Amino acid sequence: MSRIGKKPITIPAGVTVTVDGNNNVVVKGPKGELTQKVDKLIKVNVNDGVVTFERTDESTKSNSMHGLYRTLVDNMIIGVTQGFSKSLTINGVGYKASQKGEEIELNLGLSHPVFVKPIENIKLSCPTPLEIKVEGINKETVGQMAANIRAIRPVEPYHAYGIRYSDEVVIKKEGKKAGK
C-alpha cells in the first residue's frame, strides 16, 4: 500500500475540488484553475473538505499511481493557493538579463542576445540583472520553463559561468597544472 497515497488532502478555504465522470479532477482557487486526468485504476473521493484516493485493485501499477495522483492533486491545490516559483542566477563577465515586456533578454556572451518568451500561465521577471524569477500555478510548467532557460547557457565547471538554479551547488574543477 502506498504510504503517500493513503494520506488525505484537506481542501483550504477558497478552493473547490470537483471530479467528473471521466475521472478528471478540477481544482479552482484564487490564482486560477488546473485540471488533471486520473487513471481509472485510482478512484478520487471528495467529501467534507477532504480529498482521498483509493485503488481499484492491488496491482503494482495501481500502487505506484496511488501516490502519484495524490501528489499531483496536492501540488494543484498548492499551486492555486500559493503558486510555485523557481529562481535562477546568472554568473559571468558581461552576462546579464533584462525585462522586455513579458519577455526576458539574455546577454550571455553569445554573438546575439537571446529572447525568452514565457509559456502560457508563466510569469518571468528580473529583480536584478543577475537573477531571473519564474512563477506560475503549475509546478511542472514552472520547472520546465526554468530548465529551458538554464539550458541556454549551462554552468561550465572551471569558472562557474552560466545560468544555474539559485539553490544549485556548482563544484568547480581544478585547472591545468603548470609544467615543470
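Helices and strands here are DSSP runs, numbered from the N terminus. The structure shown is a predicted model.

**View 1. Three strands form an open antiparallel sheet.**
The order across this sheet is S8-S9-S10. Strand S8 (96–100) and strand S10 (114–116) are its edge strands. Each of these two pairs on one side only. On average, neighbouring strands of the sheet are turned by 25° against each other, direction ignored.

**View 2. S8 and S9 meet in a hairpin.**
Five bridges join this antiparallel pair. Ala 97 stands opposite Leu 106 in S9. Two residues lie between the strands of the hairpin. Here Gly 101 takes a positive phi near 70°.

**View 3. S9 and S10 form another hairpin, with six residues between them.**
Strand S9 covers residues 103–107 and pairs with S10 in the antiparallel sense. Three bridges hold the pairing. Leu 106 stands opposite Val 114 in S10. Ile 104 has Val 116 of S10 as its bridge partner. In the turn, Gly 109 has a positive phi of about 80°.

**View 4. Helix H3 lies across S9 and S10.**
H3 comprises residues 139–152 and runs at about 175° to S10. How far apart are the end C-alpha atoms of H3? They are 21 Å apart. At 1.5 Å a residue, the 14 residues of H3 should span 20 Å, so the two values agree.

**View 5. H3 has a buried side and a face turned away from it.**
Val 142, Met 145, Ala 146 and Ile 149 are buried in H3. They cover an arc of only 95° around the axis, so they lie on the same side of H3. The cover over these buried residues includes S7, S9, S10, S11, S12 and S13. The face turned away from the buried side carries Glu 140 and Ala 151, which are exposed.

**View 6. The largest nonpolar core holds 21 residues.**
Leu 88, Ile 90, Leu 106, Leu 124, Ile 132, Val 134 and Ile 149 touch the most other members. Among the elements that give two or more residues to this core are strand S7 (84–91), strand S11 (122–125), strand S12 (131–136) and strand S13 (162–165). H3 gives the largest share, four residues. In soluble globular proteins, nonpolar side chains tend to be buried together.

**View 7. Ile 90 is one of the core residues that touch the most other members.**
Neighbours within four places in sequence are left aside here. The contacts of Ile 90 then include Tyr 95, Lys 96, Ala 97, Leu 106 and Leu 108. Pro 129, Leu 130, Ile 132, Gly 162 and Ile 163 are also in contact with Ile 90.

**View 8. A second, separate core has 20 residues.**
Its members include Val 15, Val 38, Met 65 and Val 73.

**View 9. Asp 48 has a positive phi although it is not a glycine.**
The value is about 50°. Asp 48 lies in the loop between strand S5 (42–47) and strand S6 (50–55). Is Asp 48 buried or exposed? Its relative accessibility is 81%, so Asp 48 counts as exposed.

**View 10. Ala 160 is a residue other than glycine with a positive phi.**
Its phi is near 65°. Ala 160 sits in the loop between H3 and S13. With 10% relative accessibility, Ala 160 counts as buried, because buried means under 20%.

Technical notes. Residues are numbered from 1 along each chain as its sequence is written. Side-chain values use heavy atoms; hydrogens and water are left out. Two strands pair if DSSP finds at least two bridges between them. Axes are lines fitted to C-alpha atoms, for helices over the stretch in contact, and angles run from 0 to 180 degrees between N-to-C directions. Contact means heavy atoms within 4.5 Å. A nonpolar core is a set of buried Ala, Val, Leu, Ile, Met, Phe, Trp, Tyr and Cys residues joined through side-chain atoms within 4.5 Å. Buried means under 20% relative accessible area, exposed over 50%, partly exposed in between (1.4 Å probe, protein chains only). The expected span of a helix is 1.5 Å times one less than its number of residues. The arc is that of the directions from the helix axis to the C-beta atoms.
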